[in-house]
Amino acid sequence: MKLTKTLSLSGILSASLLLNAALSFNAAAASLLDKAKNNEVLIAGIANEQPYGYIGTDGKVTGANVEVLRAVLKPLGITRIETPIVDFGALVPGLAAKRFDVIGAGLFINPARCKVIGFSNPVTRSGGAFIVKKGNPLNLHSLKDVAANNKARLGTQNGTNQITEAKDSGIAAGNVVLFDKDTEALAALKANRVDAVYFPDAEIISLLKKSNDPAVERALPFQQIADAHGNPSYNFHAFGLPHNDPAFTQAFNAELAKLRASGELLKILQKYGYTENELPPVEVKASQICEPQA
């Protein structure tokens, strides 16, 4: 009698489900830490913006965030890093779509972004700042000043927190002009297409230094947006990380904390115009900022 082995449809389905479950488990278990084990290249997206991550005069990638990133990753065994340049507004979608592994640019933590990507703990804190024409002709010292003057036009960048801040401050959408680069916004100011350029303070300092144009200046004093208690509020810069890689996030944050405790973090940042004032309180964590405010 000839025996014939057969596999029923239900058996095929069961085997398929088990295989899919195993593959899903392996995908979930995968971590960027494996790149160190396999000596693979880590891809860090940047936006070619000073002082965060940009191409220097020697043609090499540099910047505060890029140097910090290298210092954090080295103890993890990750030394091979590539830094493709994309528009700022493409950074978060790019990380979410896994076109790169981390975001090496200056990126504010906010609850909306936390829904689609992960974050390291804060690296720096930042307030806002204006660049205006010499003498500040419209007397603009806050977002509220722009909102109160229906002729005032604010220039800022696509895909940034500044857009939400302008809207929340009462500035009409038609008075907010968006640019892909901070240098484009500054050129628009000089061409009288906007009346104030609004960016984080570190970027404003860098932009003015790079421009070296006496026809424009930083608007001082500048009134920061107030928090719920009436105190000046700050945004917190961090690295964009994979949304579901807790092992890598934990290891990354541990090395970042060591870098700060040793004083090396501040030394790196000071080369790019930062001061100790720009260091965030050590107790501020990404998880706290990601939680929606009550």
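Buried means under 20% relative accessible area, exposed means over 50%, and partly exposed lies in between (1.4 Å probe, protein chains only). You will work with a predicted model, in which local features need pLDDT of at least 70, side-chain atom pairs count only at pLDDT 80 or more, and totals for chains, interfaces and linings use all residues. Residues are numbered from 1 along each chain as its sequence is written, and side-chain values use heavy atoms, with hydrogens and water left out.

**Exercise 1.** Find out how Lys-134 and Glu-217 are joined, and classify the accessibility of each.

*Solution.* 
Step 1. Recall that side chains of opposite charge can pair when their charged atoms come close.
Step 2. Apply the criterion: a salt bridge is a side-chain nitrogen of Lys or Arg within 4 Å of a carboxyl oxygen of Asp or Glu.
Step 3. The closest N and O atoms of Lys-134 and Glu-217 are 3.6 Å apart, and the two form a salt bridge.
Step 4. Helices (H or I, at least four residues) and strands (E, at least two) are DSSP runs, numbered from the N terminus.
Step 5. Glu-217 has a relative accessible area of 22%, so it is partly exposed. Lys-134 reaches 55%, so it counts as exposed.

**Exercise 2.** Describe the lining of the largest pocket.

*Solution.* 
Step 1. Know the term: on a 1 Å grid over the protein atoms alone, a pocket is an open set of points where a 1.4 Å probe fits, with protein on both sides within 12 Å along at least five of seven lines; lining residues have an atom within 4 Å of a point.
Step 2. The lining has 33 residues, and those nearest the centre are Ile-225, Asp-227, Ser-233, Tyr-234 and Asn-235.
Step 3. Helix 7 gives the most, with 4 residues. Among the other elements that supply at least two residues are helix 5 (111-114) and strand 13 (235-241).
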